[in-house]
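Morning, everyone. Please have the sequence and the structure up on your screens.

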Amino acid sequence: MEKRGPAIVSHSSTPDREAAMNSPTEMLEAEHRVIARIVGITPLLAERLEEGGVIKPDILQGIVEFMRIYADKCHHGKEEDLLFPALGEKGVPMQGCPIGALVADHVSGRSLVRRLAESAEAYVRNEPEAYEGLIGSLRGIADLYPGHIWKEDYLLFPMTNKVLNPDELDALYSEFEKVDLRIGHDSLERLARLAGDLERQFG
Ligand SMILES: [Fe+2]
Ligand SMILES: [Fe+2]
């Protein structure tokens, strides 16, 4: 299977550009790199809380918003609503390995983020049990996502590039772009900047 071009828009008018089109799996991989910035700081924040340190509530709320909009609505949305069904149509089983296991990870991720959001609200209200919820959910996110991203980068995406033909990959890329458009490029860029800022601050 040919290696597809990077997920960038080119204004080149050479005929070769027709072949080197944008890749949906590279788009998802690029999103993984942004998500990994937030995931990478979660154990550091948990450690700070375990040591009795303080984290500003707006940091926690920023992580919740990032995980809900960028990681879940945008990224998991592309995977669950578009990529997995496209693979299912080509005969990849929707239960078991790999798709069933990846969906189960998404469900676990949502539950951890819900717990993080509730604990962040309790933290603002100065409720002592907030600490346990914050530490547990931050550690849970840190434990879940690196393995999930690895399975997708090294197993799911290479498989996708074999199972879908170039036209199907192009169609998927166009559908992914529509997801970005619906959520809003400004929101996604703001959240990606937030991930970089938090990584610099805490990483
Ligand atoms: Fe995923
Ligand atoms: Fe993913």
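The crossing of α2 and α5 is right-handed. Right-handed means the near helix is turned clockwise from the far one by less than a right angle, and left-handed means anticlockwise. Helices here are DSSP runs of H or I, at least four residues, and strands are runs of E, at least two, numbered from the N terminus.

A word on the model. It is predicted, so local features need pLDDT of at least 70, side-chain atom pairs count only at pLDDT 80 or more, and totals for chains, interfaces and linings use all residues. Residues are numbered from 1 along each chain as its sequence is written, while chains are lettered from A and ligands numbered from 1 in the order in which they are written.

Back to α2 and α5, which is residues 166-183. Their axes come within 10 Å and cross at roughly 150 degrees. Axes are lines fitted to C-alpha atoms, for helices over the stretch in contact, with angles from 0 to 180 degrees between N-to-C directions. So α2 is roughly antiparallel to α5; that label needs an angle over 145 degrees.

Who meets whom? From α2, the list includes Ile69, Leu82 and Leu83. From α5, it includes Leu172, Phe176 and Val179. Contact means C-beta atoms, placed from the backbone, within 7 Å.

Next pair: α1 and α2. Their axes are 11 Å apart, at an angle of about 160 degrees. That makes α1 roughly antiparallel to α2 as well. This crossing is left-handed. Among the residues in the contact are Val34, Ile35 and Ile38 of α1, and Phe66, Met67 and Tyr70 of α2.

Now the inside. Which residues touch the most other members of the largest nonpolar core? Ile38, Phe66, Tyr70 and Leu116, in a core of 27 residues. A nonpolar core is a set of buried Ala, Val, Leu, Ile, Met, Phe, Trp, Tyr and Cys residues joined through C-beta atoms within 7 Å. Buried means 20 or more other C-beta atoms within 10 Å of the residue's own; exposed is 12 or fewer, and partly exposed lies in between. Two or more core residues come from each of α1 (24-50), α2 (57-89), α3 (99-124), α4 (130-163) and α6 (185-202). Apart from that core lies another, of ten residues, including Leu83 and Leu172.

Last, the whole chain. The protein has six helices and zero strands. Of its 203 residues, 27% count as buried.

Definitions and conventions: Parallel < 35°, antiparallel > 145°, perpendicular 65-115°, else oblique. Contact = placed C-beta atoms within 7 Å.
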